[in-house]
Amino acid sequence: LLKGKNKVNYTPNIDNGDIVQVVNVSKLKFTPEKKEQKFYYHFSGYPGGMKATSLEKMLQTHPERVLQNAVRQMLPGNKTRAKMMQRLIIIKEK
């Protein structure tokens, strides 16, 4: 939907997607194995600067980032990704 592939006039080089609003992100469900095995990594650029955060901790602190990272990785890694991510609206709870 963010890319606009559901529209009749879809063209790969033109960004004509829609705004997508996701509600109740805190109610996402995962298998217990996935919560233990999946990690989000962040590297500061310094030696020893690799940090890992488990999915379980990420769901407790920032559940919206879990969905945001998943959608971001599904989109193409070019200039249009930033514009598509601006059209993704994530709400924790309603």
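## Basis of the description

The structure is a predicted model, in which local features need pLDDT of at least 70 and side-chain atom pairs count only at pLDDT 80 or more, while totals for chains, interfaces and linings use all residues. Residues are numbered from 1 along each chain as its sequence is written, and side-chain values use heavy atoms, with hydrogens and water left out.

Helices (H or I, at least four residues) and strands (E, at least two) are DSSP runs, numbered from the N terminus. A residue is called buried under 20% relative accessible area, exposed over 50%, and partly exposed in between, with a 1.4 Å probe and protein chains only.

## Two salt bridges

The structure holds two salt bridges, a salt bridge being a side-chain nitrogen of Lys or Arg within 4 Å of a carboxyl oxygen of Asp or Glu. In one of them, the side chains of Asp18 and Lys7 meet with a distance of 2.9 Å from N to O. This pair links distant parts of the chain, eleven residues apart, with both Asp18 and Lys7 in the segment before strand S1 (20–22). Asp18 counts as partly exposed at 28% relative accessibility, and Lys7 counts as partly exposed at 30%.

The side chains of Arg87 and Asp15 form a salt bridge as well, at 3.0 Å from N to O. Here the partners are 72 residues apart and again link distant parts of the chain: Arg87 is in the loop between helix H4 (80–86) and strand S4 (88–90), whereas Asp15 is in the segment before S1. Arg87 is buried, with a relative accessible area of 17%, while Asp15 is partly exposed, with a relative accessible area of 28%.

## Asn16 in the segment before S1

Asn16 also has its place in the segment before S1, and at 18% relative accessibility Asn16 counts as buried. When its neighbours within four places in sequence are left aside, Asn16 is in contact (heavy atoms within 4.5 Å) with Lys3, Gly4, Lys7, Asn9 and Tyr10. Lys7, one of these contacts of Asn16, is the residue that meets Asp18 in a salt bridge.

## Helix H3 and its buried face

Helix H3 covers residues 63–74, and its twelve residues should span 16 Å at 1.5 Å a residue, which agrees with the 18 Å between its end C-alpha atoms; the expected span is 1.5 Å times one less than the number of residues. Within H3, the residues Pro63, Glu64, Val66, Leu67 and Val71 are buried. Seen down the axis of H3, these buried residues fall within an arc of 160°, so they line one face of the helix, where the arc is that of the directions from the helix axis to the C-beta atoms. The buried residues of H3 pack against S1, S2, helix H2 (55–61), H4 and S4.

Asn69 also lies in helix H3, but Asn69 counts as partly exposed, at 27% relative accessibility. Asn69 and Asn6 are 63 residues apart in sequence, and their C-alpha atoms are 22 Å apart in space.

Phe39, Tyr41, Phe43 and Met50 make a nonpolar surface patch of about 480 Å². Patches are made of residues with over 30% relative accessible area and no salt bridge, with like charges joined within 9 Å and nonpolar side chains (Val, Leu, Ile, Met, Phe, Trp, Tyr) within 5 Å; accessible areas come from the Shrake-Rupley method with a 1.4 Å probe, and for residues only the protein chains shown count as cover. Strand S2 (residues 39–43) gives the most to this patch, with three residues.

Phe39 lies in strand S2 and counts as partly exposed, at 37% relative accessibility. Phe39 is in contact with Ala52, Thr53 and Ser54, leaving aside its neighbours within four places in sequence; Phe39 and Thr53 are 14 residues apart in sequence and 5.4 Å apart in space, C-alpha to C-alpha. His42, which lies in strand S2, counts as exposed at 51% relative accessibility. Not counting residues up to four places away in sequence, His42 touches Gly49, Met50 and Lys51.

## Asn24 in a loop

Asn24 has its place in the loop between S1 and helix H1 (32–37). The phi of Asn24 is near 60°, a positive value in a residue other than glycine, and Asn24 counts as partly exposed at 26% relative accessibility.
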